[in-house]
Amino acid sequence: MELPVLNNTASEAPKGGCSAGSCGSTDDQMSHLPDSIRDKVKNHPCYSEEAHHYFARMHVAVAPACNIQCHYCNRKYDCSNESRPGVVSEVLNPVQAVKKVMAVAATIPQMTVLGIAGPGDALANPQRTFDTFRMLNEQAPDIKLCVSTNGLALPENVEEMCKYNIDHVTITINCVDPDVGAKIYPWIFWNNKRIKGREAAAILIEQQQKGLEMLVAKGVLVKVNSVMIPGVNDKHLEEVSKIVKAKGAFLHNVMPLISEEEHGTYYGLTGQRGPTNEELQALQDACAGDMNMMRHCRQCRADAVGLLGEDRGAEFTLDKIEAMDIDYEAAMKMRAEVHAAINEELESKHKAKETKLVSIEGLKKEATRPVLMAVATKGGGVINEHFGHASEFLIYEASGNGVRFIGHRKTIPYCEGGDTCGDGESALDVTIRELSGCEVVLCSKVGYEPWGPLEAAGIQPNGEHAMEAIEDAVLAVYEEMRVAGKLAAEPDAAQKAA
Amino acid sequence: MAFEIIEYCTNCYACEPLCPSKAIYEAKPHFLIDPAKCTECAGDFEEPQCASICPIEGAILNEDGEELNPPGSLTGIPLQKLAA
């Protein structure tokens, strides 16, 4: 009898760098890359899944102008409560931005990376963007610099970018076919003209591809972001993935369209929906092939500060940083110590993992179905968040091949829920809906009240692995399930209905 | 002959560096055009530069007070949806 699987693609052939099937963990997705690249990304939270548990990033909003319009973006939007790309609270000038970066670097030593990602396009504001980078090169040389761009102005700026040691660039590429592009981009500004329709999309695509090639030729690491828009480019993105990989992009990040009527975007107002969690995962798996897929992206704001998934921007508003007195020399020393300690911890975890592979090999003797588990964490790669405080859960898949990271699901913390969600849906209902497909939820603590409804939905709450490393705990629970005979059978009816 | 930026402007800076007459300047609460300097790009460009990059419908008016980018012309959002 063929065993039922939750995710065919994933369980039949391990993807990412894990094709040996014995690495036991997705953070080894980097294992096939040359050392030089692994070295560049090992402390970059937006490029390494493992690093994102430990290292923080920040964006400075110095680039408000844009040279294109996307149907998922509303240029009038400006709000402190929304968390999505293109949204900021205050635009900074380069001097203010540098001050903010140094204040954050001194306060959050885990912050390794500064990106400029808007709220417009970094390269549509070259003067402001490059002034910021030049000052940071001089004043804070221990910070990695990156740029996020739509690619239209990329070719003309590659040379300049290389001057400031920008070695990570993200290009948002949603299509390689102008007919698809015409449904995503209403206009571009090009050669002193506003150009619309298919012609605009064709120019944008050409510039993006040219920019990608130029960056790769210069040895700059390129990540490609794609927004998955059901019915518009969802089927097309597999081809995009193949092409950008062939041209040397080293990581592909397929993100879900964020589209609500209240955002006032074309897609929001015309009822274009985003993908479901399942649709997104299926496309990410389909794109995977032998390419690294990024699954831990939180689609952060253009002024986000902190670990991915958290935003400490409110601690660093202009008036607050104005009052801070930063001794950057001292901060750099402290930062170097913190980074060394984290790297040491990661090294010892890598060593421990090698010995753990034995138990995975044991698991593989028996054909077992993969299981999705949700994890509540505050960072550090351990289970250290209460169920009721979690505003997001990380999703891991355990299978005979080991543990792999699948993505994250946002929710409303159970303890803050109440009646705030409207439609009579409680915070717990939202969490249960978001965790559909998961059979276990691991957290440091879980209260009595949510226990029953979670179990009834086929999601087993588990607080027994508090403070343990996530992957170890997921694997241990998977092993318990195997011993209990739960891995050969179809998940029960309640789980399916959930 | 001059254009005018009105309160819909979001201060995105996109127009300012493009103006061939340096007529656009940063101001509170939003960018402004110096009517004495604005040439509507005549002689420099086929199309007025500020109005060609401005992402906000209705933010720039011509000398007759007409919107250079009327509602729906940039975003493609149907007018009945914009009104709602």
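1. Two residues are in contact here if their C-beta atoms, placed from the backbone, lie within 7 Å. The model is predicted.

2. Start with confidence. Chain A averages a pLDDT of 83, and 84% of its residues score at least 70. Residues 1-28 of chain A fall below 50. That stretch still has 66 contacts in the model beyond near neighbours in sequence. Residues 493-498 of chain A are also below 50 in pLDDT, with 11 such contacts.

3. Now the overall make-up of chain A. The chain holds 16 helices and 16 strands. Of its 498 residues, 52% count as buried. Take the chain A contacts between residues at least 6 apart in sequence: 70% of them join residues at least 24 apart.

4. H13 of chain A spans residues 427-434. Its buried residues are A:Ala427, A:Leu428, A:Thr431 and A:Ile432. Viewed down the axis of H13(A), they fall within an arc of 135°, so they line one face of the helix. The general rule is that an α-helix has 3.6 residues a turn, so residues three or four places apart point the same way. What do the buried residues of H13(A) pack against? Their partner is helix H14 of chain A, residues 448-456.

5. Last, the interface. Here 17 residues of chain B are in contact with 18 residues of chain A. On the chain B side, helix H1 (residues 49-53) gives the most, with 3 residues. By class, that side of chain B has 9 nonpolar, 6 polar and 2 charged residues.

Technical notes. Residues numbered from 1 in each chain as written. Chains lettered and ligands numbered in written order. Predicted model: local features only at pLDDT ≥ 70, side-chain atom pairs only at ≥ 80, totals over all residues. pLDDT = per-residue confidence, 0-100. Helix = DSSP H or I, 4+ residues; strand = E, 2+ residues; numbered from the N terminus. Buried ≥ 20, exposed ≤ 12 C-beta atoms within 10 Å, placed from the backbone. Arc of directions from axis to C-beta. Nonpolar A, V, L, I, M, F, W, Y, C, P; charged D, E, K, R; others polar.
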